[in-house]
Amino acid sequence: MDRTTEEKSNVVEELLRENGGWAVIDGGLATELESNGADIRDALWSSKCLFTCPELIRKVHLDYLEAGASILITASYQATIQGFLSRGFSQEDSEALLRKSVELAVEARDLYLKKCPQKRQILIAASVGSYGAYLADGSEYSGDYGEYVTLETLKEFHRRRLQVLVEAGPDLIAFETIPNKIETQAYVELLEECNIDTPAWFAFSSKDGVNIVSGDSLVECGSIADSCHNCVAIGINCTPPRFIHDLIISMTKITKKPILIYPNSGESYDPEKKEWVKSAGGSAEDFAPFVNIWHEAGASLIGGCCRTSPDTVRAISRALKGGA
Ligand SMILES: C[S+](C)CC[C@H](N)C(=O)O
Ligand SMILES: N[C@@H](CCS)C(=O)O
Ligand SMILES: [Zn+2]
């Protein structure tokens with residue numbers, strides 16, 4: 001049965017209510033694909049697995065559900081029509097790969113719920129990585145797209161991709177690792193222009209605990225997201241754990257919507273080698289001891305991003321349930 005727009009827009013609130021005020025997002029999908037042997041040192045990064053090893057994506061989704069995640073983020077972070085076309089796929093096949101990312105997560109949810117004695121709500125969030133992710137040069141961590149990339153360029157880049165993902169029927173759209181204000185604005189305008197009624201979250205990345213990675217103001221970008229009627233949660237992802245607390249405090253001042261955080265391990269990414277390197281700022285491979293502090297500070301949706309694993313998710317889940 002088709003859900004109404006109102007039912008769709010309440011999915012996050014409902015999940016939080018059912019769960020007592022918090023919910024666990026999964027961990028790094030790409031990281032776990034690599035841990036399972038996938039080679040994603042490629043311009044398509046993890047979206048390469050959509051055509052090389054789709055069954056592995058389904059397995060990793062299942063592993064995250066078994067670890068306690070209630071929200072699965074699809075393998076579409078770096079899946080773009082332009083990226084697939086440049087690799088020789090047709091328009092039709094490129095769109096099918098985008099849909100496949102949602103289908104694999106839905107299949108994992110169905111498999112999990114079939115064998116899970118305690119039924120629980122599980123949401124599928126269709127990942128939309130930035131234009132910088134598609135460029136595959138690490139520019140999602142600088143937000144520097146050069147002077148020729150305009151608001152219209154970004155809207156044109158994301159439009160069909162967003163429509164195809166929405167048509168595949170996810171519960172949510174996850175705009176992730178958003179690096180700058182112009183891309184935030186592009187997403188908000190596209191949701192409206194395309195009459196999309198699927199709810200969305202906006203997750204920004206920061207490397208100083210104050211602004212988002214481009215230097216654009218978190219307060220300003222978060223407020224743009226907050227004013228979007230599709231937006232059901234705002235937060236931070238792929239950001240070192242040491243910055244998270246201050247960022248949550250900043251967000252509580254600009255939104256009443258649920259706040260989400262899914263930090264990375266604190267390492268930094270080398271886009272040329274496509275490897276993660278220990279960062280001088282120190283790393284916190286296991287940030288589970290902090291999650292209750294972050295929850296008290298205002299975050300209600302908590303998970304992990306790059307270089308986190310099902311073990312991280314298990315530890316987050318245990319900590320939020322009141323375990324050690
Ligand atoms: C979130 S980053 C680690 C994704 C990969 C990056 N866009 C690249 O292609 O190198
Ligand atoms: N959700 C992405 C990473 C975002 S930085 C992944 O597939 O791992
Ligand atoms: Zn990440």
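Predicted model: local features only at pLDDT ≥ 70, side-chain atom pairs only at ≥ 80, totals over all residues.
Local features need pLDDT of at least 70 and side-chain atom pairs count only at pLDDT 80 or more, while totals for chains, interfaces and linings use all residues. Residues are numbered from 1 along each chain as its sequence is written, chains are lettered from A and ligands numbered from 1 in the order in which they are written, and side-chain values use heavy atoms, with hydrogens and water left out.

Ligand 1 is surrounded by Trp45, Tyr77, Gln78, Ala133, Ala136, Glu140, Tyr141, Tyr269, Lys274 and Trp276; a residue is near a molecule if one of its heavy atoms lies within 4 Å of it. By class, this shell has seven nonpolar, one polar and two charged residues. Ala, Val, Leu, Ile, Met, Phe, Trp, Tyr, Cys and Pro count as nonpolar, Asp, Glu, Lys and Arg as charged, and the others, Gly among them, as polar.

Polar contacts are pairs of N or O atoms within 3.5 Å; within protein, one must be able to donate a hydrogen and the other to accept it, and residues adjacent in sequence count only if both atoms are side-chain atoms. An N or O atom in the side chain of Lys274 lies 2.7 Å from an oxygen atom of ligand 1. A nitrogen atom of ligand 1 is 2.8 Å from an N or O atom in the side chain of Glu140, and a backbone N or O atom of Ala133 is 3.4 Å from a nitrogen atom of the ligand. The protein buries 99% of the 320 Å² that ligand 1 exposes when taken alone, by the Shrake-Rupley method with a 1.4 Å probe.

Around ligand 2 are Gly28, Leu29, Ala30, Trp45, Tyr77, Glu176, Thr177, Cys238, Cys305 and Cys306. Helix H3 (29-35) and strand E4 (172-178) each supply at least two residues of this shell; helices (H or I, at least four residues) and strands (E, at least two) are DSSP runs, numbered from the N terminus. An oxygen atom of ligand 2 lies 3.0 Å from a polar backbone atom of Ala30, and a nitrogen atom of ligand 2 is 3.1 Å from an N or O atom in the side chain of Glu176. The protein covers 97% of the 280 Å² of accessible area that ligand 2 has on its own.

The model also has 16 aromatic pairs, meaning rings of Phe, Tyr and Trp (its six-membered ring) with centres within 6.5 Å; planes under 30 degrees apart count as stacked, over 60 as edge-to-face and the rest as tilted. The Tyr131 and Tyr145 rings are edge-to-face, because their centres are 5.2 Å apart and their planes at 75°.
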